[in-house]
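Please look over the fold shown here. The report below goes through its sheets, its helix packing and its backbone exceptions.

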Amino acid sequence: MTPRPIHILLVDDEQDFRESVAEKIGMEGHRVVSLGEPAPAIEAAREKRFDVAVLDIRMPEMDGVTLMGKLRELQPGLEVIMITGHGTIETAVEAMRKGAYDFLTKPLKVSELLVTLRGAYEKSVLRREAALRKQEAKHLQPHGDIVGRSPALREVLSLVSQVGPAESTVLVEGETGTGKELVAHGVHRASKRADGPFVVLNCAALSETLLESELFGHERGAYTGAMTARPGLFEVADGGTLFLDEIGEMSPGGQAKLLRVLETGRFRRLGDVKELEVDVRVIAATNRNLGEMARTGKFRQDLYHRINVFRIVVPPLRERREDIPLLAEHFLSRHARGEGRKELAPEAMALLVAYDWPGNVRELANLIERAALIARGSLITSDLLPIGRGPAASPSTAAPLTLREAERRHIAEVLSTFRGDKAGVAKHLGITLRHLYRKMKKYRLSASGDDGADSTRA
């Protein structure tokens, strides 16, 4: 017998069977509410919390699988055991597929039922404890990995807390690497959808056809290479949040279809005529001036107004320099290796604070990880931070640089450090390879970091 009595809801339309089972499991110290019809069972679940429900799968008013769904709407963590005198494989499979803990047949052995009850109860306890830990983690760290306490960041976190519980569409703006996805995840965590999925799609990474297939799914043969049917991310995110990064890169056709989903909650898979309906909150992000794009016709104005219901602008790292030491320590802790945690020398920390960070927090994270890997001792010195050349990099002696010149010097230094490995350079800077090529062309940099004309070659 378990230390705590199990609270059981027993629903079966055969009175003699129901009363006999209720009496026997009640004698084991458990507490049973025994009912003969589904409707009173639903009312009982509104008023009282149960650990396990034992349901007859065949009842005149409502079948047990349907009743299980209605009970779980009221008590999501409820474990369910199905009982039937007409056991078939098909019925068992359907019940288990829809979440039943187990399936027993009549004539029922009470000893078998007691063992199954204990297993279902233990699973419900574990599920409840996991949910409690998740709630406690949200309370202790409500904004996840968003690190800092600068006024600029506190304003962002205030907006996250404000819009989280609402159902509004959110537009997150900010430079590359500022942490827009973390902010979007913070909105999700602060919402009523926090237990639902958080699904991410980078709109710049896919062609128009593949982007629409990712969003809406496709039927077999919808396009060349579509060998099987596949659900889209709107279906995957049902009941949760869909984060659309770099939405400014979305094609006009994709924009039109996205607008319709936002307005109606309905869409079609590619190659299908049947409409599907979903309940999804959309958070979009961009590092471009979407308002200007809408004014010049490069982005749909109606879609812009639809996603720009609530706007959060994430500040660049150079506007929250007081957060740099906190972020650096956070990344050092995250990437600590077996030999022990590394520390930043004072002059190295000063160099980090003085630098303008064109790649923002992502660039800082990559730089700290690299420095921690190559540092031979426990101290990371300024010479391990490739963010300047020679004495000019020192914050105490350098003349003020324009943002353009600081970015050019930094990219040149990283190109030199990585010896032409453009993919490694792009990853280190926290930008796409295409973005790196544009920067190299803009500043006339070669693959080695010197002035040159080969900067746009692959």
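## Ground rules

Two strands pair if DSSP finds at least two bridges between them. Helices (H or I, at least four residues) and strands (E, at least two) are DSSP runs, numbered from the N terminus. This is a predicted model, in which local features need pLDDT of at least 70 and side-chain atom pairs count only at pLDDT 80 or more, while totals for chains, interfaces and linings use all residues. Residues are numbered from 1 along each chain as its sequence is written, and side-chain values use heavy atoms, with hydrogens and water left out.

## Confidence

pLDDT is the predictor's confidence in each residue, from 0 to 100. The chain average is 83. At least 70 is reached by 86% of the residues.

One covers residues 389–400. Beyond near neighbours in sequence, residues 389–400 have twelve contacts in the model (contact means heavy atoms within 4.5 Å). The other covers residues 453–458, with 15 contacts counted in the same way. Where pLDDT is low, the predicted coordinates should not be read in detail.

## Sheet 2-1-3-4-5

Five strands make an open sheet in the order 2-1-3-4-5, and their pairing is parallel. Strand 2 and strand 5 (102–105) are the edge strands, each pairing on one side only. From one strand to the next, the twist averages 20 degrees. Axes are lines fitted to C-alpha atoms, for helices over the stretch in contact, and angles run from 0 to 180 degrees between N-to-C directions.

Strand 1 (residues 7–11) pairs with strand 2 (residues 31–35) over five bridges. Leu9 has Val33 of strand 2 as its bridge partner. Strand 4 (residues 79–84) is joined to strand 5 by four bridges.

Helix 1 lies across strand 1, strand 2 and strand 4. Its angle to strand 2 is about 175 degrees.

## Sheet 7-10-13-6-14

Another open sheet has five strands in the order 7-10-13-6-14, again with parallel pairing. Strand 7 (198–202) and strand 14 (310–313) stand at the edges with a single partner strand each, so one side of each has no neighbour in the sheet. Neighbouring strands are turned by 20 degrees against each other on average, direction ignored.

Strand 7 and strand 10 (residues 241–245) pair over five bridges. Asn202 has Asp245 of strand 10 as its bridge partner. Helix 6 lies across strand 6 (170–173), strand 13 (281–286) and strand 14. It runs at about 155 degrees to strand 14.

## Helix 6 against helix 7

Helix 6 (residues 151–163) packs with helix 7 (residues 180–189) at an angle of about 35 degrees. Their axes are 8 Å apart. The crossing is right-handed, the term for a near helix turned clockwise from the far one by less than a right angle.

Helix 6 brings Val156, Val160 and Val163 to the contact, and helix 7 brings Val183, Gly186 and Val187. Five of these residues are nonpolar, one is polar and none is charged. Ala, Val, Leu, Ile, Met, Phe, Trp, Tyr, Cys and Pro count as nonpolar, Asp, Glu, Lys and Arg as charged, and the others, Gly among them, as polar.

## Backbone exceptions

Most residues other than glycine have a negative phi, and most peptide bonds are trans. The bond from Lys106 to Pro107 is cis, with omega near 0 degrees. Pro107 sits in the loop between strand 5 and helix 5 (110–140). Asn360 has a positive phi, near 60 degrees. Asn360 belongs to helix 15 (residues 360–374).
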